[in-house]
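Welcome! Take a look at it first, and then read on.

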Amino acid sequence: MATSSPLTCGASSNHVSSTSPPAAFMPTKAWWKEAVIYQIYPISFFDSNGDGIGDLNGIHAKLDYLRDLGVDVIWLSPIYRSPLADMGYDISDYENIDPRYGTLADWDNLLKGVHERGMKLMMDLVVNHTSDEHDWFLRSRSSKSDPKRDWYIWRPPKYDSAGNRCTPNNWKSTFQGPAWDYDEKTGEYYLHIYVAKQPDLNWDNPDVREAAWDVMRFWINRGCDGFRMDVINLISKAEGLPDAPITVPGDEYQPASMHFANGPRVHEYIKEMHSKVLSKQDLITVGETPFTHDASQLAAYVLPANKELNMVFQFELMDIDSPKEGQDIAALKTKKWSVDEFRNISGTQFVYQGQELALKNFPRSWGIQEYKDVASLNYWNSVLAQRRAERGTEDVDMSDTLDNFQKKARDHSRVPMQWDDSPNAGFTTGVPWMRVNEDHGKWNAASQLADENSVLAFWKQALGIRKQYDVLVREALILFLSRSIDEYERAQIYGDFTDISHGHPSVFAYVRTLEDTKAMILLNFKEEETEFELPDAHRWDDYVLTLRNYQEEGTSFRTSQKVRLRGFESRLYIRA
């Protein structure tokens, strides 16, 4: 039976048959759909005690800043006890706060402050894997007969024709090297899709699932308002853990996401999560779904009839600046999650800390010693070892790798928040855990709070306008799954989206409509000034310029169908 859902970041709560959509169908409003969610990377946000590490009390000290920005929900990246092999995504105790960040009492106080300001708090749920220092794994690896042995994915070794011990299959870890680590004591390998200190849990074991539900209940009972779920589409692996196809000839280990992402029982498990936990409260849920671009696969996580999650994160647009795609506006326009096949994508607004200040990557002059991220360091060491072996010398050129890191390494989003122009950007009175970007003298919150034309002022205005107009929030087009999972029947039930770019090489222009309200957005993606001609098929006289990133006179299209846009200019026009 086919059901309907808007294939946005999140689905509304109603559904109908794809065969006869009722003309009066209106998706219901949901608070999480209209919310502005602000992601905090706690270790880098604000240090309250001078030890160089951001903490929960530091977040509490900045709650008024977040409320004034227009934030509705605060999402905390992991703050649980952790050895920090992967910056807290390797959890050793789900029901306690890492001492670096504070205590459970500090969390309770933070939650109280959040709720007093009319905001909500969302936790990061990481249950595809744990730390290898978690008590569950310590017991699992202690003996093949331990009751928790089957809480993780263990397999005996294979042997080649020469009798050499080999991994159970050829899967490659996402963070380089094999996805298996050998345990000498018990003589078997355990699976880790990420680093070796992050063993994957065995979700086929019902005891593991019950333990995950207990973790969720612990935080819900304490007052948590929802969860962002780390790599939640990886919790079910292919039966038999078969070898991955050879897609990188010559490599011993192969990318294997086709066998560990969106596995055969993943929806069964998330439905169980919904039934036993999520359905009991009005929670916000967003699942991270890497390795997945196919809309029909992603839709299954948010179809209301499936009773799984509110929203998912997918990563197709992250590839837009890859060498394969090229940095071209055409690449954006052909992405189905933006404006091609699925023209309704609006979604809940997420803001990452510092985005509202236009904080940028740290400079290329920083050496590898400034990088902390395990993924970057593993890649660096792999390339370095390969080049040294190929060239027979320790002295090899790695400048191209640093060039790439300067553009896309995860560490750029982890530098301390820039609060003012004082030493260490006002982040700490001590020695920061990570180097502060040198541009904090110019780019910081204090200076922008005092400037009505700042990037921060623009963000406040933009978020305020978004809350004024449903047309900027709600779904613009409903899609229905029809005769097969690959076919869609479009039905204009609730609003509309029209791309009016007409092949312009640098401008992305579109109109969104909801009932009697229209919003037109013009975006120039190039540094050069350009001219854009509006289509003749519409009348633009009643559109009012509501938001722009250049401050100057101008309110409508009353004099011309042509618009001159300066470099990287964006404009929003509303006709109410």
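Arg265 is partly exposed, with a relative accessible area of 26%. In this predicted model, the side chain of Arg265 meets that of Asp204 in a salt bridge, at 3.8 Å from N to O. Arg265 also forms a salt bridge with Glu268, where the closest N and O atoms are 2.8 Å apart.

**Around Arg265**
- Asp204 is partly exposed, at 41% relative accessible area.
- Glu268 counts as partly exposed too, at 38% relative accessibility.

**Other salt bridges**
- Arg410 and Asp373 meet through their side chains in a salt bridge of 2.7 Å, N to O.
- This pair links distant parts of the chain, 37 residues apart: Arg410 is in the loop between α12 (399-408) and α13 (445-449), and Asp373 in the loop between β15 (349-352) and α11 (374-391).
- Arg410 is partly exposed at 32% relative accessibility, whereas Asp373 is buried at 1%.
- The whole structure holds 36 salt bridges.

**Strand β3 and its neighbours**
- Strand β3 (residues 73-76) is covered on both faces, with Val73 and Trp75 buried on one side and Ile74 and Leu76 buried on the other.
- β3 pairs with strand β2 (residues 36-40) in the parallel sense over four bridges, and Leu76 is the bridge partner of Ile40.
- β3 also runs parallel to strand β6 (residues 120-125), joined by three bridges, with Trp75 opposite Met122.

Terms used: Residues numbered from 1 in each chain as written. Predicted model: local features only at pLDDT ≥ 70, side-chain atom pairs only at ≥ 80, totals over all residues. Heavy atoms only, no water. Buried < 20%, exposed > 50% of the residue type's maximum accessible area, 1.4 Å probe, protein only. Helix = DSSP H or I, 4+ residues; strand = E, 2+ residues; numbered from the N terminus. Pairing = 2+ DSSP bridges. Salt bridge = Lys/Arg side-chain N within 4 Å of Asp/Glu carboxyl O.
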